[in-house]
Protein chains: 2
Amino acid sequence: MTIKDIAKACGVSVSTVSRVLNERPDVSEAVRRQVLDVVERHNYIPNTSARDLVRSQSDNLGVVVRGTGTPFFSDMLKTVTKEIDAAGYNMVLRQIGSDDDEVKAGAILEREKKLRGLLFLGGRYDYTPAELALVGVPYVCCSYTNQFGSLKKEDFASVSIDDHATAYRAVTTLIEHGHRRIAALVPSCSDHSISQLRCNGYIQALEDHGIAVDDALIVESGGFDMERAYKATCALLDSGTDFTAIFAVSDVMAIAAIKALADRGRCVPEDCSIIGIDGIELSKYSLPTLTTMVQPVEQMARESVHILVELLRREGAPRHILLDTTLREGGSIRQL
Amino acid sequence: MTIKDIAKACGVSVSTVSRVLNERPDVSEAVRRQVLDVVERHNYIPNTSARDLVRSQSDNLGVVVRGTGTPFFSDMLKTVTKEIDAAGYNMVLRQIGSDDDEVKAGAILEREKKLRGLLFLGGRYDYTPAELALVGVPYVCCSYTNQFGSLKKEDFASVSIDDHATAYRAVTTLIEHGHRRIAALVPSCSDHSISQLRCNGYIQALEDHGIAVDDALIVESGGFDMERAYKATCALLDSGTDFTAIFAVSDVMAIAAIKALADRGRCVPEDCSIIGIDGIELSKYSLPTLTTMVQPVEQMARESVHILVELLRREGAPRHILLDTTLREGGSIRQL
DNA sequence: GGAATTTTCGGAAACGTTTTCGGTATTTGT
DNA sequence: ACAAATACCGAAAACGTTTCCGAAAATTCC
């Protein structure tokens with residue numbers, strides 16, 4: 001079932017059918033109706049390959065994610081898929097490991113799949129202009145860092161939260177509850193990732209409240225996963241350093257920390273308070289319910305693809321959206 | 001950069017370049033090397049649209065998932081993506097809601113994206129032959145049910161666990177610990193889904209051990225999500241029915257149940273034992289650590305795409321793989 | 001009513017591949 | 001050394017679209 005068959009069945013030319021299908025104005029209403037009718041009846045679907053070939057472009061949007069499998073990104077991915085679909089594009093997904101280079105991965109994907117645009121979910125962008133030049137399509141970065149300023153505002157779009165401020169607020173919350181010996185559970189505080197931004201927020205909050213930063217209280221797990229967060233917390237406990245609260249960079253890490261504490265006989269929040277960041281669904285079902293800074297995941301995902309689509313339609317310049325996080329009180333913080 | 005450019009640069013014809021690229025035998029070693037060299041230097045990538053057009057087929061594998069966002073399927077998806085990629089195919093993902101029809105979704109996807117094959121992740125297959133005839137490419141069902149036998153063994157491939165036996169084993173474990181008033185937390189026991197299979201395993205285990213099935217102990221939440229599992233557990237508690245253990249159909253439901261119990265002042269496992277199914281990573285970090293029947297997720301995912309690829313290469317008939325589940329002891333069961 | 005537009009449509013080229021068919025070279029067999 | 005087989009390669013058609021160009025038909029304008 002090709003466009004020729006439809007043309008024949010309608011007694012018109014292929015070009016006319018094509019015009020109808022592409023909603024071009026120069027076709028009479030009568031013909032349009034008839035063609036549409038025949039198309040419907042034969043339920044004809046245009047051949048994407050042929051179309052892409054002649055247009056020399058596809059409807060593919062690349063999504064490169066670092067760390068699928070984490071609830072946060074898997075939630076994000078869920079709405080991203082939906083939105084991309086709704087916008088009439090195809091999603092081609094590439095997940096990369098923690099050691100991979102997102103820009104390079106994006107560039108390869110772009111060539112392989114003839115992408116129209118790219119969406120980076122998570123990641124660290126300390127790239128040189130030369131590296132960034134590898135990607136030749138519009139792209140938006142979601143939940144990203146740009147610490148070195150290697151990304152030029154006018155070259156790309158973004159949607160994110162203010163990681164520094166969010167961490168600041170989380171730690172301040174702990175301080176307001178009377179805590180002063182607050183540990184930070186972070187994947188790393190010098191990898192130029194989001195982890196570092198949040199770590200800085202932690203430090204800033206302490207300083208602003210006249211609390212000395214104790215390096216022994218900053219534990220670097222080496223990754224966002226539960227296993228390493230668990231081990232890092234154990235290491236902290238074993239070190240003998242005393243603390244009354246933990247600021248965890250993500251909810252999953254917070255949950256792993258709670259487990260580590262419990263395994264060492266410490267209860268949350270009686271013996272130790274804890275706060276996370278993300279607001280994943282699971283955090284509502286932990287024991288105790290996790291107090292956390294929730295990110296508007298759905299909105300972030302939605303805005304991301306909307307912006308990308310806008311960019312592709314050449315409507316307006318790249319936008320940079322900063323969304324608010326909100327504190328959701330659970331039972332994991334105790335007033336001292 | 002097209003195949004013509006490469007041909008020109010090599011002083012050979014397009015056909016020859018094409019042959020080299022497709023690893024056909026009838027090309028001399030000298031020419032092959034030269035072409036490959038030029039291709040490498042220009043880092044030329046063939047135009048997929050043109051190729052797909054003339055071959056009138058793509059390298060797309062469709063994956064339709066019911067219920068992304070759940071840790072189990074998101075884990076599965078992770079390796080599925082990787083494997084499909086490694087096999088040189090593209091994954092096109094379609095996630096469907098709980099009310100959607102997977103076969104129809106697959107059939108639509110198949111036409112839209114010119115799929116070579118389909119992979120169904122999760123789902124209920126009580127379809128008529130006519131409905132199944134809609135899908136015209138090889139497909140494999142992973143983690144599925146086929147209660148009505150509408151799928152003919154020779155028409156498709158599958159990989160799954162023995163849901164009945166797994167549930168049976170889980171419940172038996174509770175019984176062996178002295179429990180006799182065991183509640184079942186299930187999405188539904190009559191929807192022809194995996195939930196129903198596991199529910200039947202529960203019933204069978206009780207009967208085989210001489211325990212009367214009490215309908216009041218079977219709570220149907222209406223879905224696999226935490227929220228409904230939580231509410232269902234609350235309803236069970238409110239009903240006043242006494243029980244000493246809960247068999248949850250999935251780990252996330254079990255975790256939600258633990259939360260519900262805790263919120264009503266009941267501790268696990270002191271006041272109530274609980275066992276789940278899935279073995280998601282999170283279950284290792286719940287309080288207490290969840291005792292659960294773990295599914296070999298990675299293996300399931302890997303086998304699924306391997307089988308699909310085999311099918312596409314017409315190597316051997318559709319296979320049906322049944323994988324083993326193993327009990328992982330946590331601390332959520334108490335000996336009575 | 002005739003010229004000038006405008007609307008509507010068909011013909012044909014083009015997109016970048018794969019593949020069939022046939023034709024030279026080259027090798028093999030005797 | 002000559003025929004036959006084989007290895008290697010090029011020309012060209014085909015895949016199903018879109019789009020440019022021009023032509024016919026319908027409409028508008030004076």
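Analyst: Happy to! One term comes first: buried area is the accessible area, taken with a 1.4 Å probe, that two parts lose on being put together, summed over both. Please keep in mind that this is a predicted model.

Let's start with the domains. Chain A is divided into domain 1 (3–41), domain 2 (58–161 + 297–324) and domain 3 (163–295). The centres of domain 2 and domain 3 of chain A, taken over C-alpha atoms, are 28 Å apart. Their contact draws 13 residues from domain 2 of chain A and 15 residues from domain 3 of chain A. Between them, domain 2 and domain 3 of chain A bury about 1300 Å², and carbon and sulfur atoms give 58% of that area.

Now for the helix pairs of chain A. Helix α5 (residues 71–86) packs on helix α12 (residues 297–312) at an angle of about 40°, with 8 Å between their axes. Angles under 35 degrees count as roughly parallel and those of 65 to 115 as roughly perpendicular, so α5(A) is oblique to α12(A). The crossing of these two helices is right-handed. On the α5(A) side the contact includes A:Phe72, A:Met76, A:Val80 and A:Ile84, and on the α12(A) side A:Val297, A:Met300, A:Ala301 and A:Val305 are among the partners. By class, this contact of α5(A) with α12(A) has eight nonpolar, two polar and four charged residues.

A second pair is formed by helix α10 (residues 226–239) and helix α11 (residues 251–263) of chain A, which pack at about 45° with axes 8 Å apart. That angle makes α10(A) oblique to α11(A), and the crossing of the two is right-handed. From α10(A), A:Met226, A:Ala229, A:Tyr230, A:Thr233, A:Cys234 and A:Leu237 take part, while α11(A) brings residues including A:Val252, A:Ile255, A:Ala256, A:Lys259 and A:Asp263. The class count for α10(A) with α11(A) is twelve nonpolar, one polar and two charged residues.

A third pair sits earlier in the chain. The axes of α1(A) (residues 3–10) and α3(A) come within 10 Å and cross at roughly 125°; that makes α1(A) oblique to α3(A). Here A:Ile6, A:Ala9 and A:Cys10 of α1(A) meet A:Gln34, A:Val35, A:Val38 and A:Val39 of α3(A). This contact of α1(A) with α3(A) holds six nonpolar residues, one polar and no charged. In the loop between α2 (14–21) and α3 (29–41) of chain A lies A:Glu23, a residue other than glycine with a positive phi, near 55°.

A:Pro288 belongs to the loop between β9 (273–278) and β10 (291–294) of chain A. In chain B, a cis peptide bond joins B:Leu287 and B:Pro288, with omega about -10°.

Note on methods. Residues numbered from 1 in each chain as written. Chains lettered and ligands numbered in written order. Predicted model: local features only at pLDDT ≥ 70, side-chain atom pairs only at ≥ 80, totals over all residues. Heavy atoms only, no water. Axes fitted to C-alpha atoms, helices over the stretch in contact; angles between N-to-C directions. Helix = DSSP H or I, 4+ residues; strand = E, 2+ residues; numbered from the N terminus. Parallel < 35°, antiparallel > 145°, perpendicular 65-115°, else oblique. Left-handed = near helix turned anticlockwise from the far one by under 90°. Contact = heavy atoms within 4.5 Å. Nonpolar A, V, L, I, M, F, W, Y, C, P; charged D, E, K, R; others polar. Domains from an automatic or database assignment.
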